[in-house]
Amino acid sequence: MNQPEFDRHAESYRRLHAENIRITGESPDYFARNKVQHASRLAAGRPVRRLLDFGCGIGNATPFLREFFPDAEITGTDVSAASLDIARSHSGSAASFQVVEGDRLPFEDGHFSLVFVSCVFHHLDAEKHPVSLGEIRRVLAPDGLLALYEHNPWNPLTVRAVQACEFDEHAMLISAPRLKRIVTAAGFGQARTRYIVFYPRFLGFMRWSEPMLAWLPLGAQYCVSARR
């Protein structure tokens, strides 16, 4: 989607998202918290002073970023000013937000310890992937962490949900191996893939096993993590 489309969906985003994932028995907060908690495990043992939520939308992840990274200075960016207005109204002082215009991020080189990207790249044209990753790498500190989450096109329920979602009309899902190659080609090192979110709510008693299934390409979503 382009900026006007994101702006148009800003007010209805959370409602549409909740309706779209109702089959899982969970709310959007469950998925947002799951990814942030996963990113916190990836970053464990390394201080996170400044954190960028790239493509933060209406700020669904913000309260959980504050929960799991309590000492970090959190900044959210998006192309949609309408979405960021909603994020500000819901987040208070938990984070700051900046509109991105054009391809360049409005930050100095090496500014962030961690860049968190939650289901953004399937909205970008393929030729923008290297550009966006180049900017993310530029604003990451040396040895900074990229935690990039996407929908898994090898999971049939995920594909069904994306195809039925109004704001995913133009989405182009990306496989984990392909995205890992793009991340590596952008100059990142130590790229790894982990699959997440395997069980709906009615099988929640099985979720203790999900970390052990991270290798299995059937999770609803996945993470490509890498270091600058």
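What follows is a walk through this predicted model, from the whole chain down to a few single residues. Local features are described where pLDDT is at least 70 and side-chain atom pairs where it is 80 or more, while totals for chains, interfaces and linings use all residues. Numbering runs from 1 along each chain as its sequence is written, and side-chain values use heavy atoms, with hydrogens and water left out.

Let us begin with the overall build. The protein chain has eight helices and seven strands; these are DSSP runs numbered from the N terminus, with helices being H or I of at least four residues and strands E of at least two. The radius of gyration is 16 Å, close to the 17 Å that the globule rule gives for 228 residues, so the chain is as compact as a globular protein of that length. That radius is taken over C-alpha atoms, and the rule is 2.2 Å times the number of residues to the power 0.38. Along its principal axes, the C-alpha trace spans about 45 × 40 × 35 Å.

How much of the chain is buried? Buried residues make up 53% of the 228, where buried means under 20% relative accessible area, exposed over 50% and partly exposed in between (1.4 Å probe, protein chains only). The accessible surface comes to about 11000 Å², and 54% of that surface belongs to carbon and sulfur atoms; these areas come from the Shrake-Rupley method with a 1.4 Å probe.

An α-helix has 3.6 residues a turn, so residues three or four places apart point the same way. Just after helix 5 comes Gly92, with a positive phi of about 60 degrees.

Next, please turn to the loop between strand 4 (112-118) and helix 6 (128-139), where Phe121 lies. Phe121 counts as buried because its relative accessibility is 0%. Beyond its neighbours within four places in sequence, Phe121 is in contact with Phe54, His129, Ser132, Leu133, Ile136, Leu148, Glu150, Ile174 and Leu179. Cys119 has its place in that loop between strand 4 and helix 6 too. Although Cys119 is not a glycine, its phi is positive, at about 55 degrees, and with 13% relative accessibility it counts as buried.

Val197 also has a positive phi without being a glycine, this time of about 60 degrees. Its loop runs between strand 6 (189-196) and strand 7 (221-227), and at 8% relative accessibility Val197 counts as buried.

Our last stop is Asp143, found in strand 5 (residues 140-151). Which residues does Asp143 contact, leaving aside neighbours within four places in sequence? They are Arg46, Gln190, Arg227 and Arg228. Arg46 is 97 residues away from Asp143 along the chain, with their C-alpha atoms separated by 10.0 Å.

Notes. Contact means heavy atoms within 4.5 Å.
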